[in-house]
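Open the model in your viewer and keep the selection panel at hand. Each stop below names what to select and what you will find there.

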Amino acid sequence: QFSLFRFIVKRPFSTSHSSVDSKEIKKFQLLAHKWWDEEGEYAALHSMNDIRVPFIRDTLLSMSSNYHLGNPLSGFKILDVGCGGGLLSEPLARLGASVTGIDPVEDNIRAADRHKSFDPVLAKRIQYKSSSLEEIVEESMETFDVIVASEVVEHVADLEMFIKCCSQVLKPEGSLFITTINRTQLSYVLGIVVAEKIMGIVPEGTHEWEKFVPPEELEHVLESSGFSVKTVTGMLYNPLSGSWSWMESTSLNYAVHAVKSGARAQPHATDTAPETDIQQRSATAGTA
Amino acid sequence: PLYDVVVSGGGMVGSAMAAVLGHDIHFHDKKIALLEAGPRKDYDHMPDSYSNRVSSISPGSATLLSSCGAWDHICSLRLKPFRRMQVWDACSEAMIVFEKDDLDDMGYIVENDVIMSALTKQLDAVADRVEVFYRSKAVGYTWPLPSHSSDTSPWVQVELADGRRLQTKLLIGADGHNSVVRKEAEIKNIEHQYDQSAVVATLHLSEATDNNVAWQRFLPTGPIALLPLSDTASSLVWSTSHDHASELLTMDEESFVDSINSAFWSNINHSDFIDTAGAMFRSAISLLKPSGTAVRQLPPSVAKVDPESRAMFPLGMGHATEYVQHRVALIGDAAHRVHPLAGQGVNLGFGDIACLAHHLSAAAFSGCDLGSLKHLLKFETERQRHNVSLIAATDVLKRLYSTTLAPLVLLRTWGLQATNALPPVKVRI
């Protein structure tokens, strides 16, 4: 509760507002110690690595001409937004990348730091920071080669601002990888009712169906923020085998690969529309 | 120091495991350690005489050894390919002949020292990735708690006899049928000592011949096998009772040679009943399948045995109920021990290596924690599925052929004749 209070007090005095939803923070705090139990509450995220890591790896390799199969992501600076306990940061670092993992929940960062500390190679390659994306924008302009936002955008308060911040910290022609959940009848039945309430694949209350993002909407936001969407592909979880696979339909989970255009950073639309921002900010403050 | 993989046991299987991983591209930046209790042996000077410990290497094993560059060394040292295998009964005329249609090599007889020499060379070639610790017996292992209990080390701790300690993300137990890794991991082992010992020796043939056939005859006391080493020499593997084995070791060389020739040539165990029944079955088969039975050939006769080359070792069967645990995997005899009658022992171990290396390589290329049960279980499932049926079949064959009781002899006679006549079954073997 104390950290939440600090968070609310801080907000009115900052000039940028947040894509972080404070209700979401509370949900994740309760499970911070469960990240690394491969058969626990986060089992489905652990097994998602089996498809999302190769997806990221192979996409990046196909775009680069100079790599070594023994250290395929060496030389890449990757930002893992909403890194949680570091489930995705660690494999990316093992493949050679320098990873910065950020997450607004301090307990998550603590768990992530503790877990990486036993492996000197990982400890060196990964830096964790308790922070929102907006808070690092100023010091990290066009710093990263790759951003991964996996299972994050369905938790953010302001998708457009989130994507714009991604663009700001990404180098031109850098890659953005997103995995998230579509907002369909099917995803309500399977993603909320079955996954949360019936089978307990996802801890109850983790997701709010209203915040799920249809791929069309995500693509629109990406394109209008200077990204070129390269790949959109569906993902399917099999609860019996506990494993993920790719599928054509994006009606449930899906993954996106987008590339930031090569032009230098332009002044953004948000700078010229402060009124709507203030209204939105006070709206979210009321519900926090 | 923290290693990605520690292999405990520097025999053929342990050394090959370390060599294969060391040559895997996805392990380029990984740290591997191989622990061997004995001293480093000098394999640079191969003696002219053949060693009495040889293995029958299948084409699949040859492919594995090729993948880490060891096969080339073996070929440049010495090995004997064989094209045909004849297996027959002492109690009847029944026999089965294996040979590949395309006249390819069925397998290779290679001295174990030659294999070790080749593997040692290939380990030296990747010394920057694979550290070999000689005279380093592991005396204790400390297992990590399940990964989500955070404050203790998540790695396996290995304590060596001299007090040195290593940590590793994955421990591979290749330390033989009395595996310490298996015992310390408290993995239950189903084991059974056979009342047999194997006698090995290096033999010289009476005359030079195109020695490219492997011979095995099932005597009531156990199978006797003659494995080709060169056009003039063959290796003996004779599984028999402990008492008979000791006798064979102590008798003079001439009597020893006579015993061998008699074992292969004598028909003393035939009975008229069985011979007639066998002949009837054979004619029945030839009505259905004219080419169904082949002519029984006789193995070459033996003239001399290499002095000092006679040795014996006890035989047994073993199978670990689990091959893997969190951060632990068993391969080779640590996981399974078979009777030599099928010539499969080391090939099963090489098969384990091919499967485990495949899964570890894919795991490394996906940035996975190498000790994770997820891919270790895939290895276990694949190999148990393959190994259990072969080990069980070998055990059954051993028991089936250990008797002169007519009904069982008839059963196996007809079974062998039928199997010989049926191509699909033969090919699977």
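**Stop 1: where the chains meet**

Two salt bridges are counted between chain B and chain A. Keep in mind that this is a predicted model. Select B:Lys169 and A:Asp119 to see one of the salt bridges: the closest N and O atoms are 2.9 Å apart. Now widen the selection to the whole interface. On the chain B side, 23 residues are in contact with 22 residues of chain A. Seven residue pairs between the chains are in polar contact, both residues at pLDDT 80 or more. The size of an interface is often given as the accessible area lost when the parts come together. Here the two chains bury about 1900 Å² between them, and 51% of it lies on carbon and sulfur atoms.

**Stop 2: the sheet of chain A**

Eight strands make an open sheet with mixed pairing, in the order S3-S2-S1-S4-S5-S8-S6-S7. Go to its edges: strand S3 (126–130) and strand S7 (243–247) of chain A each have a single partner strand, so one side of each is left without a neighbour in the sheet. From one strand to the next, the twist averages 20°.

Next, select residues 227–238 and 253–260 of chain A. These are strands S6 and S8, paired in the antiparallel sense over eight bridges. Zoom in on A:Thr233, which stands opposite A:Ala255 in S8(A).

**Stop 3: a sheet in chain B**

Bring chain B back. Which strands form the open sheet here, and in what order? Three do, in the order S3-S7-S4, with antiparallel pairing. Strand S3 (54–57) and strand S4 (80–82) of chain B are at the edges, each pairing on one side only. The twist averages 25° from one strand to the next.

Select S3(B) with strand S7 (residues 107–111) of chain B: the two pair in the antiparallel sense over four bridges. B:Ile57 stands opposite B:Tyr108 in S7(B).

**Stop 4: an annotated region**

Methods
Residues are numbered from 1 along each chain as its sequence is written. Chains are lettered from A and ligands numbered from 1 in the order in which they are written. This is a predicted model: local features need pLDDT of at least 70, side-chain atom pairs count only at pLDDT 80 or more; totals for chains, interfaces and linings use all residues. Side-chain values use heavy atoms; hydrogens and water are left out. Two strands pair if DSSP finds at least two bridges between them. Axes are lines fitted to C-alpha atoms, for helices over the stretch in contact, and angles run from 0 to 180 degrees between N-to-C directions. Contact means heavy atoms within 4.5 Å. Buried area is the accessible area (1.4 Å probe) that two parts lose on being put together, summed over both. A salt bridge is a side-chain nitrogen of Lys or Arg within 4 Å of a carboxyl oxygen of Asp or Glu. A polar contact is a pair of N or O atoms within 3.5 Å; within protein, one must be able to donate a hydrogen and the other to accept it, and residues adjacent in sequence count only if both atoms are side-chain atoms.
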